[in-house]
Amino acid sequence: MTLSPNVSRPPTRTTPSGRPLGRRTNSPFGGMNLKYADVRQEPRNRSQVEVWRSSRKKVRPQKERETFHALKMHRALALVSYGERNSTKVKISDTNSFDDFPLLPIIKESVYSEALAGLQDLAPTPVQRLAIPVLLGNESRGARRRSSMAEKKEMEQFLLAAETGSGKTLAYLLPVLDAIKRAEAIDAELEAKKKAEEEEERKSTNFHALEAPVLSDAPHPTTGRPRAVILLPTSELVTQVGRLTKTLSHTVRFRSAMISSAYTGKVIRNRLFAPTGIDVLISTPHLLASISESDPNILSRVTHLVIDEADSLLDRSFAPSTTTILDKATPSLKKLILCSATIPRSLDSYLRQRFPDIRRLVTPNLHAIPRRVQLGVVDVEKEPYRGNKNLACADTIWSIGKAAAENRTGDGGNTDVQRILVFVNERETTQELADYLTSKGIDAAPLNRDTPEQRQSETLNAFTTANKESVEVISEEIVVPPSGPNYRPLHQTISDAPPERPKRHLPNTKVLVSTDLGSRGIDTLAVRHVILYDVPHSTIDFIHRLGRTGRMGRRGRGYVLVGKNDRRDVVREVKEGMFKGQALI
Ligand SMILES: Nc1ncnc2c1ncn2[C@@H]1O[C@H](COP(=O)(O)OP(=O)(O)OP(=O)(O)O)[C@@H](O)[C@H]1O
């Protein structure tokens with residue numbers, strides 16, 4: 001390559017008056033092809049004052065600091081606009097009773113007599129008001145979409161997203177059962193018609209027509225081929241939803257089965273291939289996907305597929321099994337229902353790609369932790385804990401237990417057992433912390449993936465029933481009023497000595513130390529207090545963990561233990577957001 005001979009010559013262009021134009025220095029190429037450095041003057045030395053000023057630490061104005069969002073660093077949740085939330089609020093405000101839904105009468109009845117038996121002043125929750133009419137296809141826009149999709153023979157897709165403990169299970173289960181019963185009635189009609197025709201034909205062609213027809217001993221047509229499948233991430237959740245479904249089947253009359261790794265192969269086979277058939281199957285994705293490998297027919301008749309806890313079931317660890325089931329069920333599928341308490345951005349973009357037409361049913365309070373749940377912050381670095389998180393945790397539990405005991409003294413001698421959930425980030429910490437708490441006289445058990453299935457469900461059972469459990473009057477030793485002459489602060493009564501047989505015991509309190517395993521979907525109605533031993537990694541974890549308390553209109557209290565290496569700014573923002581009743585980002 002050779003340079004043009006004109007490179008160093010001034011441009012030959014001229015102004016309109018004919019004066020030659022000089023080289024333009026104020027352009028992207030103005031500094032090129034110069035013969036000498038065009039430094040106009042030596043840079044001036046800075047004065048001492050200027051040097052001192054620039055070395056001073058800049059203090060950001062207060063206003064700027066306020067707008068800094070620590071949570072943006074953790075931002076993982078899809079945004080839902082406040083306009084959208086408000087219009088949903090208005091839309092659902094007219095529905096006040098389950099009787100307003102066009103559900104089959106037997107299903108409405110079973111809500112009062114079975115699913116929510118014993119509850120006073122029953123009314124549907126926001127997610128139920130929003131989702132049930134749409135899933136029934138009884139809503140103008142839904143109906144229009146449905147008919148257009150039906151023309152295209154496509155399955156309808158829905159995303160139900162609502163805050164934790166807001167009754168999402170019934171919101172999808174009732175419409176699914178309604179569809180099953182209606183389909184069953186149509187099938188029965190067709191079957192009767194077919195039988196009548198066959199009988200007619202037999203009579204006309206067979207001269208032994210008056211002989212009794214041969215009874216077939218073929219299995220029920222729904223044996224091993226359910227109409228609806230509900231997928232859940234853990235066997236505890238399978239049991240929880242399975243129990244509710246079974247309860248409804250007492251009056252609605254349908255056949256349901258739950259399968260998970262908690263059951264033996266024989267039990268699973270018997271349930272799936274019961275000669276009486278199966279309508280609703282509740283399972284974990286891994287198990288069902290592997291069964292469908294050997295028996296693809298299992299998914300050949302599914303018209304309704306529910307993916308509960310969709311944010312988990314469509315993440316990396318579950319997605320292969322979940323999508324295998326989805327792909328195999330798609331040919332017969334009429335409705336796909338995804339359900340979640342949070343819409344992480346990853347789920348949001350997955351849905352936009354794979355299901356661009358999905359109908360999003362989002363409640364006005366999605367991603368907000370209800371204001372009836374209060375959050376207290378325990379600074380582990382301060383006195384008396386001096387960085388000892390275990391001690392801070394034990395002390396917090398003792399305070400809760402003692403406060404309950406004090407209330408008991410004015411309550412005629414009976415009190416509920418306090419059930420406290422402690423969440424940690426690491427699996428190993430569950431056992432260590434549970435041992436430590438036990439050594440401090442607290443009834444604590446660990447829960448993680450390594451806990452045997454049987455033990456997991458036994459442990460969780462104590463936390464999911466809201467029944468009052470009266471305890472005997474607790475010993476005088478524990479009921480020490482804080483202001484009494486014998487009062488010593490708790491941190492002094494709990495030494496940090498190595499674990500040994502505890503001298504004191506907190507009798508009215510049960511504690512479960514859990515990883516994230518216990519934070520998803522488990523209906524811990526009995527839990528009033530949640531302790532976040534570790535600051536959760538993301539707002540999603542905050543929502544699910546704190547969502548184990550304050551369920552279905554109840555009050556709850558969360559405590560977060562903040563140590564030296566924890567993100568205090570994140571905690572501050574969550575607390576502020578909760579106080580204002582805002583959605584977390
Ligand atoms: N309309 C209602 N009125 C009163 N209680 C209800 C109503 N609907 C459901 N419940 C109760 O609310 C509790 C929570 O319901 P559910 O487990 O379905 O919540 P969820 O929204 O799925 O929670 P999560 O997001 O944590 O899984 C259950 O005990 C259920 O019986």
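**Entry 1: the ligand shell**

Helices here are DSSP runs of H or I with at least four residues, strands are runs of E with at least two, and both are numbered from the N terminus. I note that this is a predicted model, in which local features need pLDDT of at least 70 and side-chain atom pairs count only at pLDDT 80 or more, while totals for chains, interfaces and linings use all residues. Residues are numbered from 1 along each chain as its sequence is written.

I found 21 residues surrounding the ligand, and the closest are Gly 167, Lys 168, Thr 169, Ala 341 and Gly 521. A residue counts as near a molecule or strand if its C-beta atom, placed from the backbone, lies within 6 Å of it. By class, the shell has nine nonpolar, nine polar and three charged residues. The nonpolar class holds Ala, Val, Leu, Ile, Met, Phe, Trp, Tyr, Cys and Pro, the charged class holds Asp, Glu, Lys and Arg, and the others, Gly among them, are polar.

**Entry 2**

I then read the contact between the domains: 18 residues of domain 1 touch 16 residues of domain 2. Contact requires that the C-beta atoms of two residues, placed from the backbone, lie within 7 Å. On the side of domain 1 that touches domain 2, helix α8 (residues 235–252) gives the most, with five residues. That side has five nonpolar, ten polar and three charged residues.

**Entry 3: α8 with α16**

I followed α8 to helix α16 (residues 453–464); their axes come within 10 Å and cross at roughly 55°. Axes are lines fitted to C-alpha atoms, for helices over the stretch in contact, and angles run from 0 to 180 degrees between N-to-C directions. The two helices, α8 and α16, are therefore oblique to each other. Angles under 35 degrees count as roughly parallel, over 145 as roughly antiparallel, 65 to 115 as roughly perpendicular, and the rest as oblique. From α8, Ser 235, Glu 236 and Thr 239 make the contact, and from α16, Glu 453, Gln 456, Ser 457 and Leu 460. I count these by class as one nonpolar, four polar and two charged.

**Entry 4: α7 with its neighbours**

I returned to α7, whose axis comes within 12 Å of that of α8 and crosses it at roughly 40°. Thus α7 and α8 are oblique to each other. Thr 169, Leu 173, Leu 177 and Lys 181 of α7 meet Val 241, Leu 244, Thr 245, Leu 248 and Val 252 of α8. The contact of α7 with α8 has six nonpolar, two polar and one charged residues.

How do α5 and α7 cross? The axes of helix α5 (residues 126–135) and α7 come within 9 Å and cross at roughly 20°. That makes α5 roughly parallel to α7. I list Val 127, Gln 128, Ala 131, Ile 132 and Leu 135 in α5, which meet Lys 168, Leu 170, Ala 171, Tyr 172, Leu 174 and Pro 175 in α7. This contact has nine nonpolar, one polar and one charged residues.
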